Amino acid sequence: MIFLMKVTCVIFLSTKVKQTSGHKFSACEKQDNECLSKAIENGIKLTKDGLPEYGLKPIDPLAIAKLQIDAGQGVLHFAQKYKNALVFGLANVTIRDSSMDFAQNTLTFSAFFPLVTIKASYEVNGKILLLPVQGKGESSIILENLLAIHNIQFEEITKNGIYFDPKTYSVKLFPEHVQYQFDNLFDGNKLLGDNINNVLNEEWRAVFDDVEKNYALAFADIFLQYAKRIFEHIEKNALFLM
């Protein structure tokens with residue numbers, strides 16, 4: 001039951017250099033990766049409470065109405081269904097490195113989050129390791145010192161100027177530790193529920209690794225929609241000074 005995200009995770013370009021008229025974001029010199037890293041970091045923080053003019057809802061907390069994660073191939077043999085999820089901590093981010101490949105129109109960056117907390121209503125039914133598990137209730141997942149590596153592939157489009165259109169978005173998640181708490185497992189049987197929560201926390205690395213790709217895919221799709229909202233409003237030369 002590992003979220004991501006978003007990631008977080010999100011790629012809102014603002015910068016430490018020149019403020020560009022007509023929007024809230026700034027421009028970096030081409031190949032100035034230090035500027036670009038600060039731009040992404042400042043942009044994420046700028047969107048903490050949402051940007052209605054871009055059609056963006058707040059990213060901290062990030063609200064997700066429904067989320068389904070497919071079963072893993074190893075220790076987790078059940079699909080995870082979540083609703084009314086809130087992801088906290090995405091605005092408290094440090095961008096450690098970034099680069100823009102203009103020949104391939106590809107942006108990559110690493111985002112570090114000290115603490116990401118996800119609270120959601122859940123429903124599970126299946127097995128963890130060889131242990132049966134079923135339940136429905138409230139859950140909490142805490143990812144500590146999360147490093148998220150993002151990759152965005154763009155296509156250039158022309159509409160009264162040249163714009164970047166994000167086409168694909170991928171993310172990989174590397175937490176130092178994950179904590180789980182699922183309430184009301186086995187219809188509130190405390191003994192069985194505590195046992196499953198203990199197994200999840202003792203085996204957190206195997207649990208996380210088994211479904212990391214599934215969570216990454218789910219959150220990358222969310223981040224892609226955010227990215228599209230940003231880039232459809234801002235011309236390429238308003239973000240990068242050629």
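Student: Is aspartate 165 buried or exposed?

Tutor: Aspartate 165 counts as buried, at 16% relative accessibility. Buried means under 20% relative accessible area, exposed over 50%, and partly exposed in between, with a 1.4 Å probe and protein chains only.

Student: What kind of model and numbering are we using?

Tutor: This is a predicted model, where local features need pLDDT of at least 70, side-chain atom pairs count only at pLDDT 80 or more, and totals for chains, interfaces and linings use all residues. Residues are numbered from 1 along each chain as its sequence is written, and side-chain values use heavy atoms, with hydrogens and water left out.

Student: Back to aspartate 165. Which side chain does it meet in a salt bridge?

Tutor: Lysine 167, at 3.0 Å from N to O. A salt bridge here is a side-chain nitrogen of Lys or Arg within 4 Å of a carboxyl oxygen of Asp or Glu. Lysine 167 is partly exposed, at 40% relative accessibility.

Student: How many salt bridges does that rule give?

Tutor: The count comes to eight. One of them pairs glutamate 156 with lysine 236, at 2.5 Å from N to O. That pair links distant parts of the chain, 80 residues apart: glutamate 156 is in strand S8 (residues 131–158), and lysine 236 is in the loop between H3 and strand S11 (240–241). Helices (H or I, at least four residues) and strands (E, at least two) are DSSP runs, numbered from the N terminus.

Student: And where do glutamate 156 and lysine 236 fall on accessibility?

Tutor: Glutamate 156 is partly exposed at 34%, whereas lysine 236 is buried at 16%.

Student: What is the span of H1?

Tutor: H1 has 14 residues and reaches 19 Å from its first C-alpha to its last, close to the 20 Å expected. The expected span is 1.5 Å times one less than the number of residues. Among the buried residues of H1 are Cys35, Leu36, Ala39 and Ile40.

Student: New topic. Which residues touch the most other members in the largest nonpolar core?

Tutor: Tyr82, Ile128 and Tyr180, out of 72 residues. Helix H3 (residues 204–231) gives the most to this core, with 16 residues. A nonpolar core is a set of buried Ala, Val, Leu, Ile, Met, Phe, Trp, Tyr and Cys residues joined through side-chain atoms within 4.5 Å.

Student: What gives the most to the lining of the largest pocket?

Tutor: H3, with five residues. In all, 13 residues line the largest pocket, and the closest to its centre are Lys57, Leu62, Ala63, Ile222 and Tyr226. On a 1 Å grid over the protein atoms alone, a pocket is an open set of points where a 1.4 Å probe fits, with protein on both sides within 12 Å along at least five of seven lines; lining residues have an atom within 4 Å of a point.

Student: Where is there a cis peptide bond?

Tutor: Between aspartate 60 and proline 61, with omega about 5°. Proline 61 lies in the loop between H1 and S3.

Student: What is phi at asparagine 145?

Tutor: Near 50°, a positive value in a residue other than glycine. Asparagine 145 is in strand S8 and is partly exposed at 28%.
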